[in-house]
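Subject: Structure for you to look through

Dear colleague,

I am handing over the structure below, together with some notes on what was found in it. Please keep it open beside this email as you read.

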Amino acid sequence: MVAAAVRWIGGVDGFLELIDQRRLPGRLIRLKCRDTKQLYEAIKTLTVRGAPAIGVAVAYGLVLAAQKFDVRCSVPDAFKRLKKDADCLRLSRPTAVNLSWALDRVIRAVGKVVAANPKTNLQLLRKIIMKEAKAIYQEDVEMCRRIGRNGQKFIKNGDGILTHCNAGALATAGRGTALSVMFEAHKKGKKFKVYVDETRPLLQGARLTAWELKQAKIDVVVICDNMAGWLMKQDKISAVITGADRIAANGDAANKIGTYSLSVLARGHGIPFYLAAPSSTFDLSIKSGDQIPIEQRAADEVRFLGKERITPDGVEIYNPAFDITEARDITAIITERGVIEKPSLKKIAEHFKLTGN
Ligand code: MRU
């Protein structure tokens with residue numbers, strides 16, 4: 001596995017270490033993150049990115065927030081402060097639900113203790129936050145492993161797999177979601193090729209996914225985003241496997257802009273389309289993809305290629321970071337609990353009920 005994208009160093013007084021993903025594949029730089037303001041910026045600028053990795057990062061972000069509690073502060077006041085910091089972090093990116101999921105989970109854990117014993121002390125509060133953040137981290141590592149095991153059967157010898165963006169180790173605490181499926185199939189000795197969409201405008205596919213797959217010695221070919229349909233037409237693609245940022249109760253799923261087009265192309269060519277995602281990516285509080293907020297990003301991400309301006313002055317730019325793939329175009333969702341074939345409201349509800357969520 002490639003170096004850890006998100007890692008906590010030390011005890012409750014420690015710091016968060018992030019790989020600066022903006023610099024990959026050219027340079028592997030680790031940044032020390034010591035407060036929530038710095039973390040907010042790191043998430044916003046995609047220094048750390050990928051839905052599960054963002055969730056883990058903000059959970060540890062609350063440990064950083066707790067380090068700043070004033071020693072004279074009462075426990076209820078400290079809790080109020082913590083919730084405020086969580087709300088700030090929540091605003092960093094709107095689409096990936098893992099972010100609010102992780103923040104809510106830590107806040108809930110602290111809330112329970114505060115409610116049971118308002119006279120508890122700040123030191124204990126810090127320990128609870130740390131414990132919950134660590135649990136989120138460790139569970140994510142395990143979820144990735146299980147997703148790989150549950151999904152590897154969808155890759156066969158001789159396959160050509162198409163993926164989009166980066167749903168690998170860099171996007172999680174473990175070895176990824178979509179890429180975990182590929183790593184597991186590779187471990188089992190299967191021979192296949194992975195076509196990676198470059199993923200404009202920020203090139204997560206070309207820069208990050210290709211980097212991870214190359215290190216794992218998996219046969220990788222980078223293509224431009226507009227080539228996918230033609231590859232399908234030529235029978236080079238046996239399946240599409242991507243990650244997800246938020247999955248609604250009916251199975252509609254947000255993922256990196258361009259995923260929707262792939263799902264429609266896959267349907268048109270009769271190619272299976274798989275999503276790999278942990279349960280922390282499901283948002284069962286919303287009925288369908290229409291309710292998923294789509295992040296709009298800065299025009300300059302499209303306007304420039306590196307330092308080079310590629311559009312004429314004054315031309316309008318549209319830069320949504322995600323799109324919604326409709327449940328009807330998803331062959332199956334691979335989770336750490338199993339596989340949801342032809343996802344629907346009923347199937348997803350059953351999946352979580354049967355597996356005890
Ligand atoms: O904007 P990004 O790079 O954070 O987008 C990431 C994706 O779209 C991933 O596919 C998704 O978060 C799943 S990561 C396991």
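Which residue of β7 stands opposite L162? The residue in question is V240, and the two belong to a place where strand β4, residues 160-163, and strand β7, residues 239-242, pair in the parallel sense over two bridges. Please bear in mind throughout that this is a predicted model.

The larger setting of that pair

The strands β4 and β7 are part of an open sheet of seven strands, which has the order β6-β5-β4-β7-β10-β15-β16 and mixed pairing. At its edges are β6 (219-223) and β16 (339-341), each of which pairs on one side only. If the direction of the strands is ignored, neighbouring strands of this sheet are turned by 25 degrees against each other on average. Helix α7, which covers residues 204-215, lies across β4, β5 (193-197) and β6, and runs at about 160 degrees to β5.

A second sheet

There is also an open sheet formed by four strands, in the order β11-β8-β9-β14, and here too the pairing is mixed. Because β11 (282-283) and β14 (322-325) stand at the edges with a single partner strand each, one side of each is left without a neighbour in the sheet.

Two helices side by side

Helix α3 (residues 75-90) and helix α4 (residues 98-116) pack with their axes 10 Å apart and at an angle of about 175 degrees. Since angles over 145 degrees count as roughly antiparallel, that makes α3 roughly antiparallel to α4. The residues of this contact divide into 10 nonpolar, two polar and three charged. On the side of α3 they are V75, F79, L82, K83, A86, L89 and R90, and these meet L99, S100, L103, D104, I107, V110, G111 and V114 in α4.

Empty space in the model

Rolling a probe the size of a water molecule over the atoms shows where empty space is left. In this structure there are three cavities of 30 Å³ or more, and the largest cavity has a volume of about 210 Å³. Its lining is made of 23 residues, of which R49, G50, A51, N166 and D245 lie nearest the centre of the cavity. By type, the residues that line the largest cavity divide into 10 nonpolar, nine polar and four charged.

The largest pocket holds about 310 Å³ of space. Among the residues that line this pocket are R200, P201, L202, L203 and R207, as well as D300, E301, F304 and L305. Both α10 (300-303) and β12 (304-305) supply at least two residues of the lining, and the lining residues of the largest pocket divide into six nonpolar, one polar and five charged.

With best wishes

Definitions and conventions
Residues numbered from 1 in each chain as written. Predicted model: local features only at pLDDT ≥ 70, side-chain atom pairs only at ≥ 80, totals over all residues. Heavy atoms only, no water. Pairing = 2+ DSSP bridges. 1 Å grid on protein atoms, 1.4 Å probe; cavity = no way out; pocket = protein on both sides within 12 Å on 5 of 7 lines; lining within 4 Å. Points joined across faces, edges and corners; volume = space filled by probe spheres on them. Nonpolar A, V, L, I, M, F, W, Y, C, P; charged D, E, K, R; others polar. Axes fitted to C-alpha atoms, helices over the stretch in contact; angles between N-to-C directions. Parallel < 35°, antiparallel > 145°, perpendicular 65-115°, else oblique. Contact = heavy atoms within 4.5 Å.
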